Structures are given as structure tokens and as C-alpha cells.
Amino acid sequence: YKNIFSPMAFLCFLVSAILIFVNNQSLQIFLSRDLFRSLSPRILESTSQMGKGDAKAFDPALMESVLSIVQGYYVDSDRVTLDKLLEGALRGLSLSVQNTYYTDEGSSFELSLNGKKIELAKSSGEDSNAFLLTVRQLCRFLDDNNIADHLTGSARAIVGTEKQASTIILNAILSSLDAHSNLMSPESYRELRQGTDGEFGGLGIIVGVRDNILTVLKPIPRSPASMAGVMKGDRIIAINQQSTFGLNLDQLITHMRGEPGTPAQLTILREGLFSPIEVVVNRAVIEVDSVESFPYHDGNLHYLRLVIDSFASRTADEVESSIKEFKRRYPLNGLILDLRSNPGGLLDQAVAVSDLFLKSGVIVSTHGRRNETERVSKRQQKFLDFPITVLMDENSASASEIVAGALQDNGRALVVGQPSYGKGSVQTLFELHGERALKLTIARYLTPNHRSIQNKGIMPDIWIQPVTKSSSNSGMFGLSRFKSEAFLPNHLLSNFDNSSKMESSFNISGYYLKSENSSDFESDVELKIADLVFSKTKKIYGDRLPEGSQRSSHLIALSQPEVESFIKVKSKEIENWLFKQQNITWSGAIDSRRKSALQFQIDKLRLVSKVGSNLEIPWTLKNSNANAVENISVFMHAPYVGLESEELLVEFTGF
């Protein structure tokens with residue numbers, strides 16, 4: 001089967017993308033306040049070798065403490081050998097400094113900055129003294145060539161007023177390790193503490209970065225932004241006339257927050273409007289309730305939906321309080337934990353929320369270089385006598401995946417929705433001098449069944465995939481599916497041989513047409529599925545789910561006929577719509593367990609460099625397997641700022 005695809009600009013066929021979540025996604029385990037006593041001294045011993053100079057370019061205390069922590073605690077020891085740290089610094093500099101390139105010359109590296117070059121010797125083994133002298137030499141070179149004047153926009157925002165070469169080099173090293181490790185400025189560190197404490201001064205919106213643009217995921221109810229008319233899906237292209245394009249989330253949040261009462265002028269692109277609009281929001285102290293409660297009543301059926309936006313310092317208490325309040329007035333026939341678009345938060349709160357619903361068992365285990373720990377159920381107050389469904393999507397990450405994995409593996413809840421983001425790593429904060437902090441990846445976490453979800457995500461028990469109505473065969477399944485952890489630069493591998501345990505665990509699957517407005521009950525298919533589960537358990541067991549009937553395997557078997565019938569109707573709607581609108585035959589259920597043998601080839605690609613011209617890409621997709629194949633989508637992405645991703649549905653015939 002052949003086809004010709006002509007996006008406006010496309011230069012490669014790669015599945016690679018970046019999705020940055022709100023700053024609460026890091027898993028904060030501890031703050032180390034006395035690093036020099038707790039760390040290996042192998043790099044710190046070299047202080048006397050450094051001399052007294054280079055005050056402008058080189059901060060020896062900062063450099064030595066950060067490198068000591070990285071070598072002592074980073075989750076993958078093979079990524080932090082001295083040679084790899086040096087190469088990481090050069091690779092990061094080539095991306096963050098204009099007109100900068102590096103080459104590997106065998107026994108040395110060569111760095112070119114605006115035509116000027118420096119040769120840097122590779123380390124001999126793990127000679128930390130020689131390594132720090134090399135870094136000092138690099139700092140001098142960068143400072144002599146005014147590196148601060150050549151930073152890209154995003155790199156300039158990262159370092160802020162701290163334009164020492166050593167700070168720039170450290171950020172380059174950390175960015176080469178993984179997408180979650182970074183050196184935080186005093187400003188961004190304060191913002192992170194305020195965000196995880198649940199109270200801060202700002203606009204009152206939950207945001208993420210989509211295609212390098214600051215995007216509103218959700219306005220916080222009754223916040224200044226909500227009252228000013230900021231809407232979900234708004235793309236903020238400037239704050240106080242400062243462009244947001246290409247900046248990371250920590251930098252963007254610094255622009256959004258400020259003294260209460262001060263105005264922030266937002267320049268917004270909104271779907272359906274042909275030009276940007278200006279919205280002025282007056283900052284205020286935002287007291288964040290991370291949990292919203294929505295009761296549902298249908299005759300004698302009563303259940304509660306808790307929307308958890310993130311896991312902040314009071315989340316478990318808010319969940320417990322909401323359930324108790326509901327149970328004082330009604331029998332609780334079911335609980336929905338809505339974790340869709342929840343980017344994560346505090347590990348302790350994810351554990352505490354899970355513990356509310358588990359009688360016993362492991363909740364999560366973390367595996368790092370220093371230790372391995374298990375968090376087990378231990379709270380006395382338990383909510384065990386009602387069924388639970390957990391709603392997830394591709395934007396559910398980190399701590400929300402811990403909750404879903406704990407309840408799924410312990411058989412306490414059905415997971416409904418789409419496979420989650422796949423962030424299976426743990427970060428912690430190390431406090432440094434000068435009110436800075438180092439956020440570093442120190443461990444991987446595993447679900448109770450010893451599954452690593454790194455790059456893979458939590459597989460739902462009931463996988464229901466939305467398909468967005470579109471006038472063209474492009475991106476109907478949502479391009480955010482291709483912006484998970486697996487597509488971040490320098491992402492970690494799972495390092496656990498759990499391929500047999502990661503086979504698709506879903507029992508029921510299908511598709512549905514995504515409505516333009518999914519805020520009401522009838523158009524929210526995941527909510528409707530939960531309703532069907534609760535209705536069946538209520539009919540069989542009444543108001544109290546007896547012990548022994550709480551396992552999710554029992555719940556899904558009990559409600560399977562009703563759920564399958566509902567999904568079959570929804571899947572038929574998408575089949576009819578696709579055939580009518582796109583002349584595509586699209587049938588059958590999702591089944592990622594089937595082994596495919598597909599071969600994709602680009603035929604005689606001719607690159608066109610003229611701005612505004614179309615690039616024709618003839619491609620061939622072959623099925624070399626004897627089994628029939630259908631339900632194929634082809635995703636194409638150019639890893640260049642400003643070029644759009646595309647996805648096509650492909651119909652196979654004659655197989």
C-alpha cells in the first residue's frame with residue numbers, strides 16, 4: 001500500500017518529542033542540608049588544586065559540590081564517568097550557546113565557539129583533579145569569549161542573572177543526563193517550594209509546554225486567571241511582552257509569579273480566533289486545593305468523583321476529608337479517582353492516597369544506587385467497602401502513575417482510559433549554598449508487581465481511545481500520544497527485564513469520537529464506563545461491597561457485558577464516521593500484544609530548503625507477516641522548532 005504525504009515542512013521520520021509538565025511533577029523525597037559530610041570526598045579533595053582566581057568564571061564550591069552529588073547519587077553510574085560528564089557538558093553547550101560545536105578527536109575533545117577553538121584532554125580514568133582543571137580551563141575559555149552574550153533564549157532564561165561560566169557548564173552537564181535533572185536558581189527553587197507547599201503568589205493556572213508554547217491545562221477555580229477569562233487550551237505566547245516560546249517550565253513560572261496585586265499581561269492564542277488577544281490578570285496568593293469533589297446521584301446510586309490536579313502537601317487529607325463528608329450524607333457506591341492530566345507531585349502524598357484504599361501490600365518500591373526501599377500500606381483508617389475506578393490519559397505522570405500502579409497491582413481499582421506518560425524515575429532536591437538547589441534523578445520506582453513503567457506507562461484495564469473529529473486525516477488520535485517519557489532527550493531506560501510483565505493487561509478496548517466539549521457527563525466516555533461498573537456492583541451487592549468482592553478482576557468480570565456493549569456502540573460510531581468522512585475502513589479492537597512485521601521506507605526523499613515550499617515524501621509501508629494487519633497510524637515528526645507533527649490513519653487492503 002502506497003501513499004504520498006505532503007506536510008508543509010518535514011525533514012525526517014522520527015518519533016521524538018518533548019513534553020514538559022508543571023513544576024510539581026518532581027518527586028521530592030528529602031532535602032539534604034549537609035552535603036559535605038554525607039558525600040564521597042573524591043572530588044572535594046581537589047579544592048586545594050584550584051587556586052584563588054577565576055572568581056568571575058568559576059565557582060569551585062558550586063562545581064565541586066554538584067559534581068560530588070552527581071557522582072555519588074545519580075541513578076545510572078555509567079552515565080557519570082568523568083569522560084561522559086565532560087562530553088555531556090560539551091554536548092549541552094552546543095545546544096545552548098549559539099555557533100558552538102564540539103568534535104571527538106580521540107584522546108581529546110575540541111570545542112569551537114564563534115570560530116575560536118579549545119582542545120580539552122579526556123580524563124585518565126577517574127582522576128578528579130585533572131577533570132576539575134579541565135573544567136576550569138573550559139570556564140576561562142567561555143568567559144574570555146563572553147559566553148553570556150551568545151546564549152540561546154532558553155539557556156539565557158535558565159541562568160538568569162547567574163551568568164558565570166561554571167553555572168552554564170553545570171546546566172549543560174545536567175541536561176545531558178536526563179530531562180528531569182537540573183540546577184535550580186534561587187528564584188526557581190523558591191517557586192518549587194511554594195508550589196509543593198500548596199500556597200504561592202501567582203495567576204492560578206495549571207500549565208504545560210506543548211510544541212514549545214506555554215499552554216493552559218486548566219485554570220484553578222476562583223483564581224485570578226479564571227475570573228479574568230483565561231480558558232483551558234489557551235496558548236500564552238507572551239507574558240508582559242516577554243516571549244514564552246522555547247522556554248522551559250521553570251523559567252515560565254518565574255515570569256507568571258510575582259508580588260500579589262501586580263498585573264501580568266498575557267498575550268493569548270485561542271482556538272477559533274484569528275489574532276492574539278490580551279488578558280490582564282492581577283496576581284494573588286493562590287491557596288491550592290489539589291482535589292475537586294463532584295458527587296453524582298442517579299436514583300439510589302450515589303458515587304463520588306475526585307479530580308486530583310497534582311499531589312501537593314495536603315492531597316491525602318483532602319481526599320480523605322472529601323470521602324468522609326460524602327459518606328456522612330450518602331452511601332458511597334463507588335469512587336472515581338480522576339488523574340487525567342495529573343503531572344505528579346510529592347511521592348509521600350501518592351503513597352498516602354494509595355494507602356487510604358489498601359488493607360495491606362506494597363505500594364511502591366524505589367531502586368537507586370544507594371538503597372532500595374519499599375513503601376507498604378500501614379494507615380489504620382481504610383476505605384475498603386466500595387469499588388474504585390482510576391481515570392488516566394497520556395498526560396498522567398509520575399506520582400499519579402504510582403497511585404494507579406499501586407491500586408491496579410493490588411487489585412483494588414480498575415484503571416480506565418489511555419496508557420499513561422511513563423515517568424518511572426524519582427528525583428530529589430539537594431540544597432546548595434547561595435539558596436540554590438540541585439534536582440537530580442536518584443532512583444527508579446517499581447509498581448507492587450515489580451513493573452517498571454519507565455517509557456511505557458500504566459496500561460489501563462479498560463483502554464478506550466478518543467478520536468478527535470477532524471476534516472482531514474491528520475492527528476485524529478492526538479499527537480500528545482507521541483510526547484511521552486520515551487521521546488524526551490536523554491531519557492532513562494527501564495533497566496529491568498520485565499517484558500513479560502509489561503504485556504498489555506487490558507481486558508476491554510475500543511474507540512470513541514471525542515466531543516468538542518467533554519465537560520458534561522454524557523460526553524465523558526470514561527465517566528460513563530465508571531457509572532456502568534458502579535451500577536452493576538450496586539445491583540449485585542447493594543450499598544456495601546463485601547470483602548472478597550473488592551478485587552478489580554471480579555469487578556471487571558461482573559460488569560464486562562455492559563461495558564463491552566457500550567464500547568461496541570462507541571467503536572461503531574467511529575467506524576461509521578471514519579468511513580463517511582475519510583473513506584477509511586477502521587474496525588476491530590486495540591491489541592498491542594499482536595506482533596507486527598511492518599516495514600516503513602521513504603522513497604527517494606528530496607530535501608527542499610526554500611521557505612514556504614511543500615516537501616513531497618513518497619513512502620511505502622509493507623506487511624511481511626502472514627497475519628492480517630489493520631488499524632495502523634503513521635506518525636511523522638520533525639525535531640525542529642516551528643515544524644508541526646503529523647499523523648495519518650492507514651487502511652490496508654488485500655492482506
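1. Two residues are in contact here when heavy atoms of one lie within 4.5 Å of heavy atoms of the other. With that in mind, and remembering that this is a predicted model, one can look at where helices α11 and α12 meet: Leu347, Ala350, Val353 and Ser354 of α11 are in contact with Ala399, Ile402, Val403, Ala406 and Leu407 of α12. Sorted by class, this contact has eight nonpolar residues, one polar residue and no charged residues.

2. Two packed helices are described by the angle between their axes and by the distance between those axes. For helix α11 (residues 347–355) and helix α12 (residues 399–409), the axes come within 9 Å and cross at roughly 25°. Because angles under 35 degrees count as roughly parallel, α11 is described as roughly parallel to α12, and the crossing of α11 past α12 is right-handed.

3. Side chains of opposite charge can pair when their charged atoms come close, and the structure holds 25 salt bridges. One of them joins the side chains of Arg270 and Asp234, with a nitrogen-to-oxygen distance of 2.8 Å. Arg270 lies in the loop between β12 (263–269) and β13 (277–282), while Asp234 lies in the loop between α8 (224–228) and β10 (235–239), so this pair ties together parts that are 36 residues apart in sequence. Asp234 has a relative accessibility of 1% and therefore counts as buried.

4. Lys572 is partly exposed, with a relative accessible area of 46%, whereas Glu575, with a relative accessible area of 19%, is buried. Elsewhere, salt bridges that share partners join Arg305, Asp338, Arg340, Asp524 and Glu526 into one network.

5. The side chains of Lys117 and Glu110 also meet in a salt bridge, at 3.9 Å from N to O.

6. A last point concerns Ala148, which is found in the loop between α4 (128–144) and α5 (153–159). With a relative accessibility of 19%, Ala148 counts as buried, since the cut-off for that class is under 20%. Ala148 and Ile168 are 20 residues apart along the chain, and their C-alpha atoms are separated by 8.8 Å.

Notes: Residues are numbered from 1 along each chain as its sequence is written. This is a predicted model: local features need pLDDT of at least 70, side-chain atom pairs count only at pLDDT 80 or more; totals for chains, interfaces and linings use all residues. Side-chain values use heavy atoms; hydrogens and water are left out. A salt bridge is a side-chain nitrogen of Lys or Arg within 4 Å of a carboxyl oxygen of Asp or Glu. Helices (H or I, at least four residues) and strands (E, at least two) are DSSP runs, numbered from the N terminus. Buried means under 20% relative accessible area, exposed over 50%, partly exposed in between (1.4 Å probe, protein chains only). Axes are lines fitted to C-alpha atoms, for helices over the stretch in contact, and angles run from 0 to 180 degrees between N-to-C directions. Angles under 35 degrees count as roughly parallel, over 145 as roughly antiparallel, 65 to 115 as roughly perpendicular and the rest as oblique. A crossing is left-handed if the near helix is turned anticlockwise from the far one by less than a right angle, and right-handed if clockwise. Ala, Val, Leu, Ile, Met, Phe, Trp, Tyr, Cys and Pro count as nonpolar, Asp, Glu, Lys and Arg as charged, and the others, Gly among them, as polar.
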